[in-house]
Amino acid sequence: MRPVNRLAAPIRGFAQRFAYLGLVLAAFGLMMLGKADALLVERLRANVTDAVAPILDALSRPVATAADWVLRAESMIALYEENKRLREDNATLLQWQAAARRLETENAQLRSLLQFAPERPGTFISGRVIADHGGAYAQSFLVNAGTNSGVRPGQAVVTEAGLVGRTDVVGGRSARVLLITDLNSRIPVVVEHSRVRAILAGDNTNRPRLIHLPQGALVSPGDRIVTSGHGGAFPPGVPVGMVTAVSDSGIVVQPYVNYDRLEYVRIIDLGLTGILQLPQKFMPEGPRTSP
Amino acid sequence: MKPTIWQRLDVLARQLTPLGITFALVILNAVPLHVPALARVVPVLPLMAVYHFAIYRPVMMPMAAVFLIGVFHDLLTGFPLGVHALVFVSVFGILGAQRRFFMGKSFAIYWLGFALAAFGGAVETWVLMSGLNATLMETRVAFFQYVMTVGTFPILAWILLLWQQAFQRAD
């Protein structure tokens, strides 16, 4: 057996080195494929996330419960201060409620005077966050709702605090949500007070920036940024964030949504095609509940 | 003596354990932990397993499987396809060539080796992501993620080394 072994060792070594080189080239090939045929890669991504979604769903539940317990213990400690703060908040909010009721009636009257076309009401699809955006580069997460529950690519994803992002790759029972902080995220927004239009562009940091403002537009720290509804995919007026800094390097916005403890999100279905053209985006086959 | 079916199943199960662990770590890595600010700097768990098995059980980790685990990681975390496949394969390949060096060395050397390998991996990821996005990516968060990965390594390494010892005893 010895001579065979002596002969086989260099061949095996050569084969291993060849395999190594081959796999490195294959990895580069996959990167090129991702750029060249995004549709194929998206289909693969949707299928894989769909297959793993039940496992992630099961795994994320006990973790969420544990996190909930920690949160509960934390709030127990600060119960007295919390209660005091909430009383003050409640008093302020009651004043706001009165103001809102008055404005609502006034608005309804003015609308009927103008015969204003009512906005198309959207439907909500609730989803649980089952996988985090793993790491420093990817600004996205998975939810356990897909085309089976009516989710389509390009829909707005919100919580009670405001806009989270939009759906990207959608599978049958899972969907990837691209955060507004992602490098590839571009959301049409307006400054709430001045109605100045802009685009909110993510740059992979926690603070996205406002770009494409009209010449001479005035924006100052503290301004509220809301979605404009242009492009048709997002409902107008969803709170996005607050301007925190205005400088030569750009207008920095702090999102209202805190991504750290995101557990449930709502996906808004306006029944429109969305900002993403559907034929270019992968849509898996499957039953769909029409809104 | 001809091995019984149970013995053969036992051997098969043991041989599949390294791949199974690494595969499970990819899924575990994605589970949301709801800890403030952790999501962006979550340690790259499968890289630890790839490093460990490249040194201790390379026979049970075919390089093609390491590649596929990388692809799976990319698909699940939303990375561009191929980035982690390349990172895992290069860490595995380089460590595989250096594995004799780590034999019989202390845990500190083993940890230091991981710190170097993970640094190489982090730089590689940064270069690839910057190239694919045609812009220079942020380095600060990537650096903290690297620190987290190296810092949490001993916990997982301890479990993997326990398994390794149990395995050797069984042999």
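Author: Before the helices, a convention: axes are lines fitted to C-alpha atoms, for helices over the stretch in contact, and angles run from 0 to 180 degrees between N-to-C directions. This is a predicted model: local features need pLDDT of at least 70, side-chain atom pairs count only at pLDDT 80 or more, and totals for chains, interfaces and linings use all residues. Residues are numbered from 1 along each chain as its sequence is written, with chains lettered from A and ligands numbered from 1 in the order written.

Reader: At what angle do α4 and α5 of chain B pack?

Author: About 155 degrees, with axes 10 Å apart. Helices here are DSSP runs of H or I, at least four residues; strands are E runs, at least two; both are numbered from the N terminus.

Reader: So parallel or antiparallel?

Author: α4(B) is roughly antiparallel to α5(B), a label for angles over 145 degrees.

Reader: Which residues of α4(B) make the contact?

Author: V83(B), L86(B), V87(B), S90(B), V91(B), L95(B) and F102(B). Contact means C-beta atoms, placed from the backbone, within 7 Å. On the α5(B) side, G113(B), A117(B) and G120(B) are among the partners.

Reader: Switching to the chains. How many residues of chain A contact chain B?

Author: 42, against 40 residues of chain B. α2(A) gives the largest share of chain A's side, 13 residues.

Reader: And G171(A), buried or exposed?

Author: Buried, because 26 other C-beta atoms lie within 10 Å; the cut-off is 20 or more. G171(A) sits in the loop between β4 (163-170) and β5 (175-179) of chain A.

Technical notes
Two residues are in contact if their C-beta atoms, placed from the backbone, lie within 7 Å. Angles under 35 degrees count as roughly parallel, over 145 as roughly antiparallel, 65 to 115 as roughly perpendicular and the rest as oblique. A residue is buried if 20 or more other C-beta atoms lie within 10 Å of its own, exposed if 12 or fewer, and partly exposed in between; C-beta atoms are placed from the backbone.
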